[in-house]
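Trainee: May we go through this structure together, with questions from me and answers from you?
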Amino acid sequence: MNDELAEMFARPAATFRPAVMIRSRVAAGTARGEPRPTAAATSAPPPLAPAAADRQSRPTSEADSTAEKITPIFEPRADQPGRSEPPHAVHEPGPTASPHAEAASHASPAPNDYQLQAVGLAKSYRKASVVIPVLRHVDLGVRRGEFLAIVGQSGSGKSTLLHLLGTLDAPDAGSLFFDGQRIDNLPTADRDRLRNHCFGMIFQFYHLLPELTTLENVLTPLMIGKSVWQFLRRRRAYRQAAEQLLELVGLSHRLKHRPKELSGGEMQRAAIARALITGPDVLLADEPTGNLDRATGQAILDLLCSLNRQENLTIVMVTHDLAIAERANRMVRLVDGQIEEC
Amino acid sequence: MYKLLLCWRYLRTRYIALASIISVMLGVATMIVVNSVMSGFATEMQNRIHGILSDLVLEVRSLDGMADAEWHMEQIRRVAGEAIAGMTPTVVVPAMLSFRHADQWITRQVQLIGIDEKTQSQVSDFGKYLQHPENRRAMSFQLREGGYDTRDHQGGPEAKERPQMKRAGWEHRRAMAEIQAFNRLMAQRAAASVPSESLRSDGTDSSDSAGLVDPFAAVQRPQQEPVFDPATQQHTGAVLGIVMASFRRPTGEDSFLILPGDDVKLTFPTAGTPPKIATDDFTVVDFYECKMAEYDSSFVFVPIRKLQELRGMIDPATGMGMFKSIQIKLKPGFDGDAIRDRLAEAFPRNLYEVQTWRDRQGALLAAVQMETAILNVLLFLIIAVSGFGILAIFFMIVVEKTRDIGVLKSLGASGAGIMGIFLSYGLSLGLVGSGVGLVLGLVFVDHINDIAVVLGKITGKPVFDPSIYYFYRIPTIKDPWTITWIVFGAIAIAVLASVLPALRAALLHPVEALRYE
């Protein structure tokens, strides 16, 4: 597996490289004057501190905010080491590279170094007149290249937290920062684009579209993100990329099969390939092995780990299974709607 | 792109949705067929009515007519001369037609029209409807030797042979005269033999008895003097509506009761108050077939001069005839209604009435239009009802696809994009439904006559009975505009029906959609 990964990412730039492409596209988009977040939204996230009372509108200096405004939303920032280049470009291919990467990501936890940061997130559900608080006050930071596991019992709000992190749902209170930009109050269209470009999601029940073949399922995010014309013009490159990804997850023999004809493990592999096709920065996994037997689940976890190591892909996984959570770099526990470090 | 792909896949995998558009399809097909047939009938009828009637008619309200057609025509020219292409005076009077068939007198009520055979064809298609080719070229009230059409010259390839018409003309007249002469001879012999016996036994004879002189003998004799020889002479010519003289069998063949060459009696009121009864013999010289049963069964045309004489409509001092109406043909491009209004202004309304051909058949034309409109509304309601079927099935599909919608949203699809899937799905269903309906409707219209024949064979009853309609084929007109409207209307309904489910899909909350089991 590692050799495969190494081979894939050692290819010349002429072949499809999702992450690079997406990033440059987003930068171009902002330059064209797409909706920019407000001054409050662009303000840098506070250091992860227990008392983040002023999280909504942290006072920033005049110079700070102007500097922020001229910075494109997702432009790599020079002051952040490791952001200047796409993640997998930094790393030397080969198994020996991974310990270094881990060491690097753990070495200097600068306050604003979190790739994905939640500050005081709260979410409650309303049933009739009864308000059920699910997340009370979640402060969580995920560093670049980190494999974070969130464990918690069923009903502890793990999935809700993941949905909030993936901007699928809006928090009742608190804020969410991605690469230092506030994202929870972005306009719907921007959040859609964010989900498409920057987040990959996988689910316990795979959630592949039953009408489409494996290959088409993997291509779906690209079809969503691109206009018809864009897609058709580059469909060969996209198709090749999708085939490469499917090869990477070990499904190259199942391109034309419908999800119905795949096993659970194969479906989850296809879902992972789909999550990766746009070259996301963060992979959000919701109990990815919850529906699989132990061996298949381990294989999926192996795949996630190798992606994390080889591509420096940031992964946030929620699970109730401690044995599975052990595989991650870091593990946090969600208890009573709050995060406890383990 | 995913919209198109998913829409295409849904179209190919969700056959229940295809079932929902069968009603769209049938509605479109039915509307196309009904509109084609109705407009075919309406156009055919309008053409015929217009062909029969002149563009405008100036009519005297009194049946007795008005003197001096020339002066009236002069007035008309003065008022609207630039628009007039031709005019002809006519006399119209209700009459009774009697003719002998199979040793019985058959009497019918007719509309007796006195026409000027030279100018009549200038104002209407009168000449076109006659059965003798020469008469169609130049109408004459003289009986032709023969050569009448043996099949309907307007009927097209379906027209059946009319073998009886082969002997029409002088040939038939001579044959009939011979039979009559023979019959008369036999009757005389029979009469001669019986009275002579009685005469001998009685020894008396009315004519010679007692030397009494019939005081009216002198009056009667001159009448009998010019002996009429039916084998070489004819009465005044008359053109009969063909339905009066024949009947059509269900097979479409015509059987004739009388033929050109036979004599008929016409009885009509004279002019003056109170009207008296006048009767005269006429010889049938041709048949008039305009394919409008109403006219074909009531019109009898005779020379106007003869009718004026018989009705006492000629001023003895000036020799000027009276007329009942003046038929006017307009030059192409002139608006009949406008000219009608100008003429109505020029002539006193209490004595004259001016009508266009549409006015005269307005009720019929309006009825056809009304029928078409009502049928269209009803049939469009069928399509509208099928719209609700689409709505229901779409709601089901949206519910079924709830999780997929959540997945698409988690992959970054926007609400508008999700809505697009279902709207384009509705659009493609509408396209498929109305497309198939269009083809079905057009094929049906093209083969409507074959279908009518087959249906007739299956049910044992002719669907389209030529003896009722006097068409050999069902007339159809495929109006591209009407068809376009129907097709686009159906597509619009399909799209509209999918708006609500699509909106529901677009507004689904992604988290709830993902949780949906």
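This is a predicted model: local features need pLDDT of at least 70, side-chain atom pairs count only at pLDDT 80 or more; totals for chains, interfaces and linings use all residues.

Mentor: Residues are numbered from 1 along each chain as its sequence is written, chains are lettered from A and ligands numbered from 1 in the order in which they are written, and side-chain values use heavy atoms, with hydrogens and water left out.

Trainee: How many helices and strands are there in chain A?
Mentor: Helices (H or I, at least four residues) and strands (E, at least two) are DSSP runs, numbered from the N terminus. On that basis chain A has 14 helices and 10 strands.

Trainee: What percentage of the residues in chain B is buried?
Mentor: A residue is buried under 20% relative accessible area, exposed over 50% and partly exposed in between, with a 1.4 Å probe and protein chains only. Chain B has 517 residues, and the buried share is 47%.

Trainee: Among contacts in chain A between residues at least 6 apart in sequence, what percentage joins residues at least 24 apart?
Mentor: Contact means heavy atoms within 4.5 Å. For chain A, the share of such contacts that join residues at least 24 apart is 76%.

Trainee: How far apart are the end C-alpha atoms of helix α11 of chain A?
Mentor: The expected span of a helix is 1.5 Å times one less than its number of residues. Helix α11 (residues 235-248) of chain A has 14 residues and should therefore span 20 Å, which agrees with the distance between its end C-alpha atoms, 19 Å.

Trainee: Which residue just after α11(A) takes a positive phi?
Mentor: The helix itself has buried residues, including A:Tyr238, A:Ala241, A:Ala242 and A:Leu245. Just after α11(A), a positive phi of about 80° is taken by A:Gly250.

Trainee: Where is A:Leu165, and which residues does A:Leu165 contact?
Mentor: A:Leu165 belongs to helix α7 of chain A and is buried, because its relative accessible area is 1%. Its C-alpha atom is separated by 9.1 Å from that of A:Phe177, 12 residues apart along the chain. Leaving aside neighbours within four places in sequence, A:Leu165 is in contact with A:Leu116, A:Ala118, A:Leu140, A:Leu176, A:Phe199, A:Leu284 and A:Val316.

Trainee: Is A:Thr167 buried or exposed?
Mentor: A:Thr167 sits in the loop between α7 (158-165) and β4 (173-178) of chain A. Not counting residues up to four places away in sequence, A:Thr167 touches A:Leu176, A:Ile183, A:Arg191, A:Leu194, A:Arg195 and A:Phe199. Its relative accessibility is 1%, so A:Thr167 counts as buried.

Trainee: How are α15(B) and α16(B) oriented to each other?
Mentor: Axes are lines fitted to C-alpha atoms, for helices over the stretch in contact, and angles run from 0 to 180 degrees between N-to-C directions. The axes of α15 (residues 402-410) and α16 (residues 415-446) of chain B come within 10 Å and cross at roughly 140°. Angles under 35 degrees count as roughly parallel, over 145 as roughly antiparallel, 65 to 115 as roughly perpendicular and the rest as oblique. The two helices α15(B) and α16(B) are therefore oblique.

Trainee: Which residues of α15(B) make the contact with α16(B)?
Mentor: On the α16(B) side, the contact is made by B:Gly415, B:Ile418, B:Ile421 and B:Phe422. From α15(B) come B:Ile405, B:Leu408 and B:Lys409.

Trainee: How are α1(B) and α16(B) oriented to each other?
Mentor: The axes of α1 (residues 2-13) of chain B and α16(B) come within 9 Å and cross at roughly 45°. That angle makes α1(B), relative to α16(B), oblique.

Trainee: Which peptide bond is cis, with omega near -10°?
Mentor: Most residues other than glycine have a negative phi, and most peptide bonds are trans. B:Pro274 lies in the loop between β8 (263-269) and β9 (277-288) of chain B. The cis bond, with omega near -10°, runs from B:Thr273 to B:Pro274.

Trainee: Is A:Asp336 buried or exposed?
Mentor: A:Asp336 is not a glycine, although its phi is positive at about 50°. Its place is in the loop between β9 (330-335) and β10 (338-341) of chain A. With a relative accessible area of 60%, A:Asp336 is exposed.
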